Structure formats: structure tokens, C-alpha cells
Amino acid sequence: IQQFIDNLQSKEKVVRWEAVCVVGHLAAQADPAQIIPHIPLLISYLGEKSIVLQGHSLRSLSRIAAAVPDQAGPIFEAFLEAADAFGDNKIGFVIEAMAPLIPLERFNERIAAFVEPYRYSDIKVVVRKANKLWKQLPR
């Protein structure tokens, strides 16, 4: 995993994108001490111009939150803060990233409050993603 962690700050964007993905995928098997120090960097990527890097970072962070639950709070807050920057047509990426947090029940009320208005969006793909997440939430 160390090679991918080292590549998180690569100048080559494709190498950085793939490193972000792989770190998220390996989070469940990695020592949390290897992952935790890099969470702020991954969160910072939510504000990048590249939608590819933003999307990869959202998915990676959601996997990290599921694998390292004591870090889920700051990650969830970062998702909420980043939502405005994603705008109406890209908000579906944020909605999807919240799904792995559902087993961490402490977030479910806030996830529901966040996603509920998007169930009535004018953008069909956003409605589809919001409804899919809505159905996953316990009632």
C-alpha cells in the first residue's frame, strides 16, 4: 500500500487518480495507521477542479470511512461541505458516496435529511441515485 500512498501526490494526474482509488480499496485490509494521516489530503481533493479526482476521492473516502469508522465523522462532514461545490448535476456522486456510511447508524438521520430533497430534483439521474440511497436507509 505504501507505493500507492506515495503516489497520492504524484504530479501525473492519472497516477494520482489511480492511487486515490487503490488506497480506498485497500483501506479495509490496511493498517489504519497507514491510511489516517492521508485523509486530509484526500478530503482536499474534493475541492479540485478535476471531476475525476473529485469522484475518485469521494469513493475512496467512503470506503475508508467504512473501514476505519472512527474517521467517518470528519469524512462525512467533508462530504456535506463539498456538496455545494458539486452543484446540482454532480451531486449524485456525493449521494452515492454516502451509501457505505449507512451501516454506521449514527449518520443515518443526517444522510436522510441530506438526500431527501434530491429525491425531487429536476435532474433524473440525481433522483435515481437519491431514491436508491433512500431505499437503503433503515426505517
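In what order do the elements of the chain run from the N terminus on?

## Overall fold

From the N terminus on, the elements run α-α-α-α-α-α-α-α. The chain has eight helices and zero strands, where helices (H or I, at least four residues) and strands (E, at least two) are DSSP runs numbered from the N terminus. The radius of gyration is 15 Å, close to the 14 Å that the globule rule gives for 139 residues, so the chain is as compact as a globular protein of that length. This radius is taken over C-alpha atoms, and the globule rule is 2.2 Å times the number of residues to the power 0.38. Along its principal axes, the C-alpha trace spans about 45 × 30 × 20 Å.

This is a predicted model, in which local features need pLDDT of at least 70 and side-chain atom pairs count only at pLDDT 80 or more, while totals for chains, interfaces and linings use all residues. Residues are numbered from 1 along each chain as its sequence is written, and side-chain values use heavy atoms, with hydrogens and water left out.

Among contacts (heavy atoms within 4.5 Å) between residues at least 6 apart in sequence, 58% join residues at least 24 apart.

## Aromatic pairs

Rings of Phe, Tyr and Trp (its six-membered ring) pair if their centres lie within 6.5 Å, with planes under 30 degrees apart counted as stacked, over 60 as edge-to-face and the rest as tilted. By this rule there are two aromatic pairs. Phe76 and Phe107 form a tilted pair, at 5.0 Å centre to centre and with 45° between the planes. Because Phe76 lies in helix 6 (residues 72-97) and Phe107 in the loop between helix 6 and helix 7 (108-115), this pair ties together parts that are 31 residues apart in sequence. Phe76 is buried, with a relative accessible area of 0%, and Phe107 counts as buried at 6%.

The rings of Phe114 and Tyr118 have centres 5.4 Å apart and planes at 50°, so this pair is tilted. Phe114 counts as buried at 13% relative accessibility, whereas Tyr118, at 21%, counts as partly exposed.

Definitions and conventions. Buried < 20%, exposed > 50% of the residue type's maximum accessible area, 1.4 Å probe, protein only.
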